[in-house]
Amino acid sequence: MRVRPQHPIQPSEITPEGVYRDRRRFLAQLGMTAIGLATAGCGKAGDAAKAALPAAASPADQAAAAGADFKLDRKTDMAGKEAPTPYQDVTHYNNYYEFGTGKDEPAQYANTLKTRPWSVAVGGECDAPGQVGIDDLLKLFPLEERVYRHRCVEGWSIVVPWDGFALGPFLARFKPNSRAKYVSFSTLYDAKQMPQAGRVLPWPYREGLRIDEAMHPLAFLSMGLYGRNLPNQNGAPLRLTLPWKYGFKSIKSIVGIEFTEQAPQTTWNLSAPDEYGFYANVNPNVDHPRWSQKTERRLGELFKRPTLLFNGYPEVASLYSGLDLRAFY
Ligand code: MTE
């Protein structure tokens with residue numbers, strides 16, 4: 001087994017290599033081309049496969065279309081200089097059970113998902129419940145890029161430059177009250193648009209966080225990746241990105257958010273409670289009953305690498321001090 005060096009986490013570091021450099025050039029050009037691209041939508045999955053990076057409208061284009069002041073703060077590399085996984089892999093090896101259980105199925109079939117108009121309803125234990133349109137989000141929150149590691153409980157991982165904004169300030173707008181101990185998230189459930197929804201799992205797809213986890217600065221809402229609109233198969237138009245937790249916590253295509261006093265039910269925990277806990281923090285010392293969590297395979301690489309506690313994000317450790325991570329997996 002080839003053991004790769006474990007890079008320390010270095011915020012503010014940029015990965016300046018290969019396709020990523022091209023992407024930056026593209027983003028620099030965007031300022032000039034945003035208006036021209038403003039009406040283009042999210043490309044179909046097949047289109048995304050063929051396209052060179054600058055083809056589809058990006059969140060920047062959408063912001064321009066909405067008349068918003070777009071600023072992409074491109075400075076947070078939380079993957080410690082690890083090379084981003086190629087766009088093609090990130091967008092063609094997916095888990096999105098509403099479109100099938102095969103890894104290549106979401107890219108083939110998620111083009112039936114209509115991501116405009118789209119709104120997110122926020123309610124429950126809060127003083128300012130409301131509904132927010134997806135394009136208004138772009139006006140409210142300047143997009144920021146974060147390069148994060150993403151680790152699936154199945155043992156594969158990727159590094160992705162996501163475009164989005166921090167979850168905490170978004171939630172704070174709805175003024176959670178003192179009974180808000182948890183936050184629950186749900187995905188659109190529409191059998192017409194999502195041909196496989198209704199099979200295999202309890203629906204709609206639901207996830208949840210403790211409120212302090214949701215408010216942690218690493219918790220992120222993504223609207224794009226690689227400077228482009230989030231492809232449908234990756235959870236357009238809005239998904240959670242929680243780099244220290246197994247990928248199944250990062251719920252896609254969110255339509256509902258609720259502040260709750262009790263821990264909310266979550267899809268994978270409901271379907272197999274012995275296998276999937278509420279916390280789902282990446283932890284090489286606690287195996288899944290069917291898969292060791294000690295190592296992982298980065299998509300595109302042959303050999304496995306060691307998995308790091310909290311996926312290499314030690315800044316979240318204080319959220320769990322005093323918690324038995326074996327019992328609360
Ligand atoms: N969200 C919904 N609505 N449906 C899903 O099937 N799969 C989860 C998560 N979010 C899933 C979901 C799982 S198991 C993983 S590993 C990640 O999405 C995969 O994200 P990616 O396809 O963008 O890599």
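This is a predicted model: local features need pLDDT of at least 70, side-chain atom pairs count only at pLDDT 80 or more; totals for chains, interfaces and linings use all residues.
Which side chain does Arg179 meet in a salt bridge? The side chains of Arg179 and Glu125 come together at 2.9 Å, N to O, where a salt bridge is a side-chain nitrogen of Lys or Arg within 4 Å of a carboxyl oxygen of Asp or Glu. Arg179 lies in the loop between helix H7 (167-172) and strand E6 (182-187), and Glu125 in the loop between E2 and strand E3 (130-133), so this pair ties together parts that are 54 residues apart in sequence. Helices (H or I, at least four residues) and strands (E, at least two) are DSSP runs, numbered from the N terminus.

Residues are numbered from 1 along each chain as its sequence is written, and side-chain values use heavy atoms, with hydrogens and water left out.

First, the chain as a whole. Its secondary structure comes to nine helices and 13 strands, and 54% of its 329 residues count as buried, buried meaning under 20% relative accessible area, exposed over 50%, and partly exposed in between (1.4 Å probe, protein chains only). If we take contacts, meaning heavy atoms within 4.5 Å, between residues at least 6 apart in sequence, then 74% of them join residues at least 24 apart.

Back to the charged pairs, of which a search of the whole structure finds 16 salt bridges. Side chains of opposite charge can pair when their charged atoms come close. Lys245 and Glu213 form one of these bridges, with their closest N and O atoms 2.5 Å apart. Lys245 sits in the loop between strand E10 (239-241) and strand E11 (254-260), whereas Glu213 belongs to helix H8 (residues 211-214), so the bridge links parts that are 32 residues apart in sequence. Lys245 counts as buried at 1% relative accessibility, and Glu213 is likewise buried, at 1%; Arg179, by contrast, is partly exposed, with a relative accessible area of 39%. In another bridge, the side chains of Arg290 and Glu275 meet at 2.6 Å, N to O. There is also a network, in which salt bridges that share partners join Glu82, Arg149, Arg151, Glu296, Arg298, Glu301 and Arg305.

Eight of the eight residues of E4 (residues 144-151) are buried, so the strand is largely enclosed by the rest of the structure. Glu144, Arg146, Tyr148 and His150 point one way from E4, while Glu145, Val147, Arg149 and Arg151 point the other way. E4 and strand E5 (residues 156-166) pair in the antiparallel sense over eight bridges, two strands being paired if DSSP finds at least two bridges between them. Within that pairing, Val147 has Pro161 of E5 as its bridge partner. The hairpin has four residues between the strands, and Gly155 in it takes a positive phi near 105°.

Thr85 is buried, with a relative accessible area of 2%, and, leaving aside neighbours within four places in sequence, its contacts are Val90, Ile158, Val159, Tyr226, Arg298 and Leu299.

Finally, the backbone. Most residues other than glycine have a negative phi, and most peptide bonds are trans. Here the peptide bond from Trp203 to Pro204 is cis, with omega near -5°, and Pro204 lies in the loop between E6 and strand E7 (206-210). A cis peptide bond also joins Ala236 and Pro237, with omega about 0°, and Pro237 is in the loop between strand E9 (228-229) and E10. The C-alpha atoms of Pro237 and Pro117 are separated by 10.0 Å, although the two residues are 120 apart along the chain. Where phi is concerned, Val200 has a positive value near 70° and is exposed at 64% relative accessibility. Phe310 also has a positive phi, near 55°, but Phe310 is buried, with a relative accessible area of 5%.
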